[in-house]
Amino acid sequence: MSLATQIIDQRLSGSIAEQQDAFTHELRVGNNHGRRRSVAFLFRVARTLFDPTDEETLDSIVDGGNDFGVDVLWLSRPIKVN
């Protein structure tokens with residue numbers, strides 16, 4: 001396992017530990033380890049790309065079935081460019 005992969009794995013494990021209650025109750029992930037890692041990956045990617053709070057990140061995750069492949073939905077106000 002490369003160093004970059006180890007760092008990502010460590011961050012995912014940290015997200016699972018930190019957001020355990022939210023993953024269980026808000027996102028209804030259950031005890032499925034693979035599903036928790038998948039949601040943790042979505043959580044880390046959304047936090048990195050959009051820089052929202054943890055609560056906003058949890059609200060943006062729409063991962064599940066019958067969603068046409070949409071996993072995260074992030075809406076923000078358009079930025080006015082002069």
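User: Which residues of helix 1 are the buried ones, and what makes a residue count as buried?

Analyst: In this predicted model, the buried residues of helix 1 are Leu-12, Ser-15 and Ile-16. A residue is called buried under 20% relative accessible area, exposed over 50% and partly exposed in between, with a 1.4 Å probe and protein chains only. Helices are DSSP runs of H or I with at least four residues, strands are runs of E with at least two, and both are numbered from the N terminus. As for the ground rules, residues are numbered from 1 along each chain as its sequence is written, and side-chain values use heavy atoms, with hydrogens and water left out. Because the model is predicted, local features need pLDDT of at least 70 and side-chain atom pairs count only at pLDDT 80 or more, while totals for chains, interfaces and linings use all residues.

User: How do you know that the buried residues of helix 1 line one face?

Analyst: Seen down the axis of helix 1, the buried residues fall within an arc of 100°, so they line one face of the helix; the arc is that of the directions from the helix axis to the C-beta atoms. The face turned away from this buried side carries the exposed residues Leu-3, Gln-10, Ala-17 and Glu-18. What covers the buried residues includes helix 2 (20-25) and helix 3.

User: Why are helix 1 and helix 3 called roughly perpendicular?

Analyst: Helix 1 (residues 3-18) and helix 3 (residues 33-50) pack at an angle of about 100°, with their axes 9 Å apart. Axes are lines fitted to C-alpha atoms, for helices over the stretch in contact, and angles run from 0 to 180 degrees between N-to-C directions. Angles under 35 degrees count as roughly parallel, over 145 as roughly antiparallel, 65 to 115 as roughly perpendicular and the rest as oblique, and the two helices are therefore roughly perpendicular to each other. On the side of helix 1, the contact (heavy atoms within 4.5 Å) is made by residues including Leu-12 and Ile-16, and on the side of helix 3 by residues including Ala-40 and Phe-43.

User: What makes the length of helix 1 agree with its number of residues?

Analyst: The expected span of a helix is 1.5 Å times one less than its number of residues. For the 16 residues of helix 1 this should give 22 Å, and the end C-alpha atoms are 22 Å apart, which agrees.

User: Is Thr-57 buried or exposed, and what is it in contact with?

Analyst: Thr-57, which lies in helix 4 (residues 54-60), has a relative accessible area of 0% and is therefore buried. Leaving aside neighbours within four places in sequence, Thr-57 is in contact with Phe-43, Ala-46, Arg-47 and Pro-52.

User: Why does Phe-50 count as partly exposed?

Analyst: Phe-50, found in helix 3, has a relative accessibility of 37%, so it counts as partly exposed. Leaving aside neighbours within four places in sequence, Phe-50 is in contact with Val-72 and Trp-74, and the C-alpha atoms of Phe-50 and Trp-74 are separated by 7.9 Å although these residues are 24 apart along the chain.

User: Why is Asp-51 called exposed?

Analyst: Asp-51 lies in the loop between helix 3 and helix 4, and its relative accessibility is 63%, so Asp-51 counts as exposed. Asp-51 also has a positive phi of about 55°, although it is not a glycine.
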